[in-house]
Structures are given as C-alpha cells and as structure tokens.
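Here's a quick briefing to read with the model open beside you. It goes through the fold, the packing and the chain contact in turn.

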Amino acid sequence: MSTNEAQQSSRLLRGVRRTLTGLHPALESLIAALVGLLVGAILMAVWGYDPWRAYIALFQGAYGGSYEWASSLTRTTPLILTALTFSICLRAGMFNIGAEGQMYMGATAAICISYFTLPFGLHHAVGLLFAALAGAAWSLIPAALKMMRGVSEVISTIMFNWIAKWLALYLAIYVLVDPLRGEKTVSIPLTARFPLLVPRTDLSYGIFVSVAFALFIYFLLWHTTTGYELRAAGLNPAAARYGGIRDKRTMFLSFILGGIAAGLAGATIVMGLPPTYAIYGGGGLPQLVNMGFDGMAVAMVGRNHPIGIIIAAIFFGGLNAGGRVMQFYGSNPVPLEMVRVVMGAIVIAMSIPELIRVFPMLANSSKNLLNTMRRGRKEESA
Amino acid sequence: MSFSDIISLLRISLHAMVPLALTAIGEIVGETAGLFNIGLEGILLISAFAGAIGAEAGGPYIGLLIGAGVGGLISLLFAVINTYWRGTQMVTGIGINLFAMGFVAFGLIQLGAPGFHMVPSTIVVDGAEKAIQLAKFRTPWGMFSPMILLALVLPFVVHWFLKRTRAGLMLKAAGEMPEAADVAGININRIRILAAVFGGILAGLAGAYMSVAWLGLVTKGLSAGRGFIALACVVFSGLNPLLALLAAFIFGFFQALAEWVKTLPSKPIPGEFVSMLPYIVTLLVVSGAIGRVRFPKFLGTPYKRE
C-alpha cells in the first residue's frame, strides 16, 4: 500500500516537473514581454507621458470587453499567418524575412477575384487559392536563388519585399483601381467577403482560416514524416543529409508553406476587414503595411510553435488594437507608434537565451529550479 | 543624355554610395570578427534621426558625432548580447530593426509632423547664421559632400588594417578560429565587441550623413533598405573592403539612375517600376557574385570556452 502511494506521489512530482520544464520557454517569453513593456514605459516617461495611464488605456482597449476582444482578434488574424511564415522556414533552418512582400502579393491576388462572380463559398475558396498561390510564387524565387546561386535568403527576401511593395502600389493605383474612387482598388464583392463573426465589430470568420492553418502546420510538423524531415533539416543539416533527407526539397517546401501562409494573411485582410474590403494604393497600403514584420516578433515570442504563435498573436494583436485606443486617450495621448517600439524591445530581449539568468534577482531561484529539474531528469533515466 | 546629365548622374551616384560604403565597411570589420548584424537598417534609421536632432542643437559636426555615437551604442548592446550572453544574432538584428521603425516614427511625431521632418540647411540664432547641414564643396562639376572623400579613403585604410596589422589578424582569428585565438591569449568576446562597435559607429555615421549632409530630411522610411543593400555589398565583396566600395558605387549608381529617370518629363517607365530598380540590381549582382566568396567559419556562432 505504502509503495503504491510513493509511486503515485513520485508520478505526480514528475508530472509537475515536466510541466515546469515545458513552461520554461513560456516563462522566458513572458519575461521578454515584460522587459519590452518596461522599455516602452521608460521611453514614454522620458518623453513626458504617463506610462501607467497609457498602459491601462492600452490593455483596456485590447481586452476590456467583448468589443475590445473582437478588435484585438481582428488584428490577431493576419499576425498568426505571417508569424507562421517566419517560423516554418526557421524550423527548416532558414530566415524568411519576406512575409511582408508575400503578404502584399497575396492581398493583390485576392483583389483580382473581384472581376468575376462565383457562388458564395466557392468565391472565398478561389480567393484564398489565388492569394496562397501568389504568396508561394513570391517566396519561391528567393528559395530558387538560394538553391541555385547560394544567395542569402535574408538579402533576397528583403529585396523582394521592396519589389513587392512597389509592384502592389503600381497594381493598386493603375490596374486594379476603383474607377469611381482612385485612392483604392475595387472592393471584394459580397459573395467573397468573410461574414462578421461578431456583429458591429470588424472581427470576421477570416480568423478561422488563420487558426486552421496554424493547426494544419502543427499537425504537419509534429505528426508527419515530411514535417519530421523539415525539422531535422533545420536542427542539423549535415546529419539530416546523411540520414537521407533531401534538404533541397525540405527547403523548397518550407518556403512554399511560408509563402502560402503570408499570401493567406493578405487575403484575410482584404476579404475580411470592413468597411471597404479593398487595398488603398493612394494611402500606401495602410492596412497591410508592417503586418509581415510584426509577424516575426510574434513568431519569436511564440517560440516558433503554432500554438505558442496563436497565443503570442493574441498578445500582439491586442497591442495593436489597444494602441489605437491609447492614441486617443487622455489629454496627452501616446502615439500608436509606441507599440512597435515595445515589440522591437521584446524581440531584442527574446534573442537573449536564458534571459532569466541575466537578471540577478531571478538567477538564483531559476538555477535552483533548473537543478531540481535536472536532478529529476537523471532520476527518471536511472 | 547630355554630358552635364552624366556628370550630375555620377555626382548623385557618389552621394548615394556614401551610406552604403560606410555601412558595408563597418559590417566587414564586424563579420571578420564573427558577428553578423542584420540590424544595420535600424541603426541607419535611428542615427539619421539622432543625427538630425544633434545637428539642430549644435551644428553639423555634433550631428554626425551623435549619429555615430548612437550607432556605436546600439551595436554595443547587440555585441554584448551576442558575445557574453550568447544570443541569437539574427533575432537581435530583427529586433533592432523593429525597434527603430517604431522609435523613429514615434520620435517624428514628437517633433511635430508625423512621418516627416525637414532638416534646415542653416538657422538664424541671435542674428547670426548658423549651419545645420554639413557644408558641401563647390567644384566645377557641382556641389560635393566632404563625406564622399571619407567613403573613398576608408576602405583602403580598413583593407590595410585587416591585411597588414596585428590587430587585423587578431580580428580574423576571432572569426575564423576562435578556439586557437583564445589559446593564443586573445579575448574573443572583447575583440568581437570592439569590432561590432566600430561597425556600428560607421553605420551611425552613414545614417547621420543621410539626414545631416545629404538628403536634409528624416522620414520613417529613410533607410529604405540601405542597411540590407549594404549587407549585399558585403556578400558581394567576400569581406574585401575595396570590392565593397565598388559594390556600393554600383548600387549607388542605380539609385541615382532611378531618381534621374523619375525626373524625366516624358515618363518612359512608371515611377513604381523605376523605384524597384536598385533592389532588382542588388539581387542580380548578388546572384552573379556568389560562389567564389567564402565567409569566416565561425560567423554567427557565439564562442564558448570548452
């Protein structure tokens, strides 16, 4: 009887330990987020703002009620997808910084479906397909340059971002332009718009596209041979090649999947964001701009894991939505741009491995925790 | 295209070359020691902003100095994270770029106009005219910034430093064979930090040059991919400063060409396509150059004593 109890308690302990080890990355993300918010607070204070009131306005504007939640989730939708772009490629060992451009191409391709009529549902599918193909095509060229000419994907994807920006602007201003309103493109027709999920907000069913794609990527990476090969190629390319994994194939696959994700992000914006369901060429693509870059921050804080990304995207989407409230709050409102300062600081903090150890206060407790966990692991294996 | 057109095209090319050349030379020093900084774009942007503020407070030299100082400080943070704290260099760089985008957009709002700030060439203080922008030389072929001279001379100095001095070889050892260098008594982390800070100072100078000595304005998109084009110069050069200067001139030329075509009254090509030109050329040149270049073995890997 007593041995049984001891076994049970040790099993419980092991479970707790495993959870703590699993939470370690999440804890690091949390600390990085706090560091970022702290840096933002210091900058606000330096410029004579009240950081405390600004953050209260920001977080109330992000999560203070159902309308606020809807607004945050609207901004979460494309971020999940652009974060996946970065993460899939990073899992395969490559830095795809091209989500921004791939998303522009996806959004532009989705606008093209305005020129024909299809039944509701099929029209959505065709729009998503167009966007996915455009995004994938735009990311295939850097992948091919990398494979055939050894061009660093960091440089080529950034150059493709700029080319995409000017191409999207050209198409929006001269080709896909609304004949009645020159500052925007034609609008997506009613048969291809994502209906609103919550009435009187801007949250549409488009969010299910994001979440479904994230779950698909999760399944692919951790429950299929292809995904295993992709991750193996990223962890140790030499060993993977030795083990018979075709690294060029996995590289192309990661770029194609990443491009599809970014293209879909563009589609969810133009097909799901009221009121105009169009791209503003005259305003310099305001709804699209920076969504790809913010996605990289989301990917980092989400630890390049689809589920982590969904959580991190809700946080960053909240920052974006809350920032819009913050910039009109009080007599001395803080500009929306502060949100991106916070994001940058979070990413810089995320780049420090074992961030916990950098902070002397946390160092000891974390060391103790790590030691107990390590001892526990040894016992388990013994 | 007349003769004077060609002269003015070359003049604009030389001016456009300066930020690319300075940033690339600095990055060559950093990469030789083993640190790969993709945050150059952000450093250019922040130091252009800081340089403009410094110049408006204390004149062009203070502006350039503050720009260089800010660039050096950001690189110091980057270098400490990626040596002693063994961080991930790509991620730090991406963070610096995001931070800069937000910070400069935020700072421009504080200066009054969102997204845009003009740097006057002179202001009048107590009845006396005071220079804000760095004065240009008058020559028979137009006005030239003295910074062009720096950009033309520095690659030769750095080339000599890397090839012919003991310190230059120590830098190389830190990137090629950190373990052997460590055994030889070289402090790898310290030498990498020094190299990165030098690179940051040059990138900062390049940023301040853009706002204080060349374009005379700060926008939230002022760097316009120049940090990454400078990285392309480094890739093209295979860490040879003289080839990097050549690449910077080529890219500068195509930027100038794009600006020139935009001013043509006949508008032969839509402006959007002309604006793509520098980026397309960068891609083409880099894809043509790769293959023969080799980078330090330990580029991008933090060094840890066994």
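What follows is a short tour by topic, starting with the ground rules.

This is a predicted model, where local features need pLDDT of at least 70, side-chain atom pairs count only at pLDDT 80 or more, and totals for chains, interfaces and linings use all residues. Residues are numbered from 1 along each chain as its sequence is written, while chains are lettered from A and ligands numbered from 1 in the order in which they are written.

**Chain A at a glance**

- Chain A has 15 helices and 0 strands; helices (H or I, at least four residues) and strands (E, at least two) are DSSP runs, numbered from the N terminus.
- Of its 382 residues, 52% count as buried, meaning that 20 or more other C-beta atoms lie within 10 Å of a residue's own, with C-beta atoms placed from the backbone (12 or fewer is exposed, in between is partly exposed).
- Take the contacts in chain A between residues at least 6 apart in sequence: 76% of them join residues at least 24 apart. A contact here needs C-beta atoms, placed from the backbone, within 7 Å.

**Helix α10 of chain A and its partner**

- Helix α10 of chain A (residues 247-272) has 26 residues and reaches 37 Å from its first C-alpha to its last, close to the 38 Å expected at 1.5 Å a residue; the expected span is 1.5 Å times one less than the number of residues.
- Since 21 of the 26 residues of α10(A) are buried, the helix is largely enclosed by the rest of the structure.
- Helix α3 of chain A (residues 66-91) packs with α10(A) at an angle of about 170°, with the axes 8 Å apart. Axes are lines fitted to C-alpha atoms, for helices over the stretch in contact, and angles run from 0 to 180 degrees between N-to-C directions.
- α3(A) and α10(A) are therefore roughly antiparallel (over 145 degrees; under 35 is roughly parallel, 65 to 115 roughly perpendicular and the rest oblique).
- Residues meeting there include A:Leu81, A:Leu84 and A:Ile88 in α3(A), and A:Leu257, A:Ala261 and A:Leu264 in α10(A).
- By class, that contact has 12 nonpolar, 7 polar and no charged residues; Ala, Val, Leu, Ile, Met, Phe, Trp, Tyr, Cys and Pro count as nonpolar, Asp, Glu, Lys and Arg as charged, and the others, Gly among them, as polar.

**A helix pair in chain B**

- Helices α1 (residues 3-33) and α6 (residues 166-176) of chain B pack at about 60°, with their axes 5 Å apart, and are therefore oblique to each other.
- B:Val29, B:Thr32 and B:Ala33 of α1(B) make the contact with B:Leu171, B:Lys172, B:Ala174 and B:Gly175 of α6(B).

**Where the chains meet**

- 39 residues of chain B are in contact with 37 residues of chain A.
- The largest share of chain B's side, 15 residues, comes from α4(B).
- That side of chain B divides into 26 nonpolar, 11 polar and 2 charged residues.
- B:Val91 lies in helix α4 of chain B and is buried, with 25 other C-beta atoms within 10 Å.

**Nonpolar cores**

- The largest nonpolar core has 221 residues, and A:Val270, A:Ile346 and B:Cys233 have the most contacts inside it. A core is a set of buried Ala, Val, Leu, Ile, Met, Phe, Trp, Tyr and Cys residues joined through C-beta atoms within 7 Å.
- Helix α8 of chain B (residues 188-214) gives the most to this core, with 18 residues.
- A second, separate core of 5 residues includes A:Ala70, A:Leu73, A:Leu203 and A:Ile207.

Key
Two residues are in contact if their C-beta atoms, placed from the backbone, lie within 7 Å.
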